[in-house]
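The sequence and the structure are shown first, and a description of selected parts follows.

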Amino acid sequence: MVMTYKEKDNGKLLNELKERNSDSGIRNPVINREKDSQTQLYNKATVIEKLDNCLKLSLESELIDNYSFFLIDIDNLKKINEVHGHIYGDIVLETFAGHLSELFDAKAIVGRIDGDGFVVIQKSGIRQEQVIHTAESICDMVRGNMPGLKDNGKLTVSIGISVFPKDGFTYEELFQKADIALYEAKNSGKDKFIIYDSELNTAVYKGEIEQKGNKKKKKYINYEDIFGAEKRLLNYTFDILSEDNEVEISIHKIFTEIGKFYDLSRITIFEDETSNQKPRISFEWLNTGTSPVIEIIPSVDLREQYNQLFTDSKIFYFEDISKLDAKPGLLHFYNQAGIKALVQCAIYDAGQFIGTVNYEDCSKSRAWEKSVLDTLMFVTRIISNYILQLRSKEELNKEIFFTQAMLNNQKLSNYAIKAGTYELLYVSEYTEKMFPQVKLGELCYHAIFGRDTPCDTCPLNGLNNSDTRYSVEAYNQKLGAWLSTTASTVDLPGGQKMNLICSSDVTGFIERVKSKDNLTGLLTLPKFEAEAMKLIASSKDLQYAIIYSDFDKFKYINDEWGYSTGNEILKFYADSLSNYLSQDELFCRISGDIFVILLIYKSKTEIMERIKVIYHSIHQEYKLHYPKVNPIIISGIYFMTCEDNILSVAIDKANTARKRLKGFHKSTYSVYDDNLHKAVTKEKMIENHMHEALRNHEFIVYMQPKIELRTLRIIGAEALVRWKTESGELMNPAEFIPVFEKNGFIVELDFYVYEEAFKMLRRWLDMGKHKIVVSVNVSRLHIDDELFIQKLEFLIDKYQLPTELIEIEITESIFLKGLDRLKRFINSLREKGFLISIDDFGSGFSSLNLLKTLPIDILKLDKEFFMYNIMDDKDKIVITNIINLAKGLGLKVISEGVETMDQARFLKENHCDMVQGYFFYKPMPMDELEVLLD
């Protein structure tokens, strides 16, 4: 049977949805702090409070009442979420909670204490039969296929039971015993209850109540609840699309929930032919066990058949493919895709059919209820509008990206000037990188080339009234490169003219033609690569190594002694090293002070000794000819293998080894080995996943409490970050933080941590928790960011936090450079009311003069002082005097890394204000810290 949903019904659908959505419109209800927001049962804190009150009254009375503590866990809720989606899982929780509440009178305490964990606390007699009857009632109620759930939504629960006062006098004691019993119930097959026995002779009651006679309970579906779930799907769709996700991520999330809720096999988006794209399945969501579509609509005739399905309607569906009256080609396509039942909703752009969203069942025929069709069609409309808008934006962004990437790849420098004025109107991204000081409105010859007059080789000189385009090739002394530059005249809207200047670096082309380096006479890199591959291919019995070298801080040599001296040193190095090479070894200058050598070796030890000898000899010659300069040569070595077919990859590996040595104060070398390869691979993996991890909230904010020694209360906490990967593994911050500091991602991650910490602090203040100071870390990249304080203030305003509850921790090593800039940075923060602390004080860079120079509030002693459990007298003297000095300057002192009672006692005796360390608390998730705050 084939059905179509007429256009006139669509208006009715939208009106119905509007009415129903308005009935469940978003309101701002008064928050009930006693109730769990989802199930409206008592929350954990209220359960504990009410139970403690009951137990207290019972203990104070002459006759102590018995209370039964039922700890209830819904079996297999995780599997329900996986099969049907989290929206249906929420319905299960809420439906169960409603029926559980109805099972007991108002005197019972019924609450939800975690995700799928519930408790019931009820006054009971001393006979165990009453407890058993209550537990059987709960199990029977759940097995009875609770109204409001799907036909196949049968549930079971496991229950652990403890009894007051036999098993305990507090919530914690009763919960612990009931949890032991619950664990046994789960382990012994679920769908049962166990009463805790102190002698571990537990009685197991499966609670399998036999049906009396052949009477069956009447099954019915609460359609209002089911439609409520469909409203959830629509709300969920709106929520996902409002997030800042990529289109594919948003669609996948939405289709996952729809597919699981309706038990679909496959959801696909078909897009018809466009100007630059063939017809295709552009997106495909698959349920477990479903295969992807193998063949896409191949022919014009078949596509026309497909499109004709929607001539009279925007939706087409069939319940059973065996009864489908369709042309053979289309029927073959559906059969090939394995479709048994199908709903197809059309996507239109300005009235033109452009594709469909297909909701497929590949396992069985099925009747599509009107509420299902309403929901699927409305979701399609939302998604299609969103796709059309976002795809247009993405296509534009891709066009801009690829255009810019091609320009950058070709080293094209583009800028535009106002005709006849040389005044800059536009500067391209690559030009900005080459000349970072350039500002619009400046004269191009001055801003770019540092001249007071127009350039002699400017292509504008060749433009005249008849020619609108002119090119010239010339060597640019400032850039040290050959440029091919073209000027053209462009008419702007309004009749104004501008000149577009486009320069391309053609040095590489010219050098490839020449094959010799102008300065040193060595091979150029392209010629070196060609000759090296010839040698390696013709000498299969020889082993080769790549040596990648440069001069450390060569810019200093140029600045201090002049470019002529710098050039002489480079030529001297090229001449000297060439004398140590054999006939089958090569040497080239890549650029600047960077050189690459191809050496033959018999053993790795032999070649390293040879390099030492060569560099020692060259240094002796440098001392003789340039006694005041002392050039330092840094090298990376890569030993090539038979698998190395691409020389540029081998050169990159040698360069990677060299980079490990920057900052050394003597000539040395580093070898690319397995450890370095693993480190590079690990770093690349981290960089490849960091943005996705941030989007997926894999970074978790932990907090480590700060303890006031005088009162032993928690008065502060430091916000830290952990990375919980998709596999569930917690990555050590030492593995990823240095990578992020190097590539700049630390800025984005830090602000993520700030917001999560500030959001939680706002929550604690709203809950009436006692106020604590939350400290966050700041890197050098933040100090160099002029907008840092403005962005920090935005978060403070967003969560309405007092700045005196935020402490900015500045690592001591940052003080080594730019002290004046740092002082201005700190003063700006203090003016806003933030607290400032020096972190890791005493880690090796300290200057006590900093304590009186910098406007700080808190000094944080480095954990290195407490590396060993036993402190020697020298450590104690240093720590005592630092504390006394800080106190004399009006600073508070905190010590981190405290791990023993002796350390804590010593610090308290010496008037240290606060401590932080494993002796008190390890870093913990923020919700665990919340429990500790009174």
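Helices (H or I, at least four residues) and strands (E, at least two) are DSSP runs, numbered from the N terminus. The structure is a predicted model, in which local features need pLDDT of at least 70 and side-chain atom pairs count only at pLDDT 80 or more, while totals for chains, interfaces and linings use all residues. Residues are numbered from 1 along each chain as its sequence is written, and side-chain values use heavy atoms, with hydrogens and water left out.

## The chain as a whole

The secondary structure of the chain amounts to 29 helices and 32 strands. Of its 934 residues, 46% are buried; buried means under 20% relative accessible area, exposed over 50%, and partly exposed in between (1.4 Å probe, protein chains only). Contact means heavy atoms within 4.5 Å. Among the contacts between residues at least 6 apart in sequence, 64% join residues at least 24 apart.

## Helix H8 and the residue that follows

Helix H8 spans residues 247-261 and has 15 residues. From its first C-alpha to its last it reaches 21 Å, close to the 21 Å expected at 1.5 Å a residue; the expected span is 1.5 Å times one less than the number of residues. H8 is mostly covered, with 11 of its 15 residues buried. Among the buried residues of H8 are Val247, Ile251, Ile254, Phe255, Glu257 and Lys260.

Just after H8, Asp263 takes a positive phi of about 55 degrees. Asp263 belongs to the loop between H8 and strand S8 (266-271). Asp263 counts as partly exposed because its relative accessibility is 35%. A second residue with a positive phi is His911, where the value is near 65 degrees and the residue is other than glycine. His911 is placed in the loop between helix H28 (901-909) and strand S31 (914-916), and it is exposed, with a relative accessible area of 56%.

## Two helix pairs

How do H3 and H4, and H16 and H17, lie against each other? Axes are lines fitted to C-alpha atoms, for helices over the stretch in contact, and angles run from 0 to 180 degrees between N-to-C directions. The table gives the values for both pairs.

| Helix pair | Axes come within | Crossing angle |
|---|---|---|
| H3 (residues 77-84) and H4 (residues 86-102) | 7 Å | roughly 140 degrees |
| H16 (residues 554-561) and H17 (residues 563-578) | 6 Å | roughly 135 degrees |

Angles under 35 degrees count as roughly parallel, over 145 as roughly antiparallel, 65 to 115 as roughly perpendicular and the rest as oblique. H16 is therefore oblique to H17. On the H16 side, the contact is made by Phe554, Ile557, Asn558 and Trp561, and on the H17 side by Tyr563, Thr565, Gly566, Ile569 and Leu570. These residues divide into 6 nonpolar, 3 polar and no charged, where Ala, Val, Leu, Ile, Met, Phe, Trp, Tyr, Cys and Pro count as nonpolar, Asp, Glu, Lys and Arg as charged, and the others, Gly among them, as polar.

H3 and H4 are likewise oblique to each other. Leu77, Ile80, Asn81 and His84 in H3 meet His86, Tyr88, Gly89, Val92 and Leu93 in H4. The residues of this contact comprise 5 nonpolar, 4 polar and no charged.

H17 has 16 residues and reaches 22 Å from its first C-alpha to its last, close to the 22 Å expected at 1.5 Å a residue. Its buried residues include Phe572, Tyr573, Ala574 and Leu577. The buried residues of H17 pack against several elements, including H16, strand S18 (543-551) and helix H18 (604-625).

Asp73 lies in strand S2 (residues 66-74) and counts as buried at 15% relative accessibility. Leaving aside neighbours within four places in sequence, Asp73 is in contact with Asp116, Val157, Ser158, Leu182 and Lys186. The side chains of Asp73 and Lys186 are joined by a polar contact of 2.5 Å. A polar contact is a pair of N or O atoms within 3.5 Å; within protein, one must be able to donate a hydrogen and the other to accept it, and residues adjacent in sequence count only if both atoms are side-chain atoms. Asp73 and Ile159 are 86 residues apart in sequence, and their C-alpha atoms are 6.4 Å apart in space.

Ser503, in strand S17 (residues 497-505), counts as buried at 8% relative accessibility. A polar contact of 3.0 Å joins its side chain to that of Thr485.

## A cis peptide bond

Phe164 and Pro165 are joined by a cis peptide bond, with omega about 5 degrees. Pro165 is found in the loop between strand S5 (157-164) and helix H6 (171-187).
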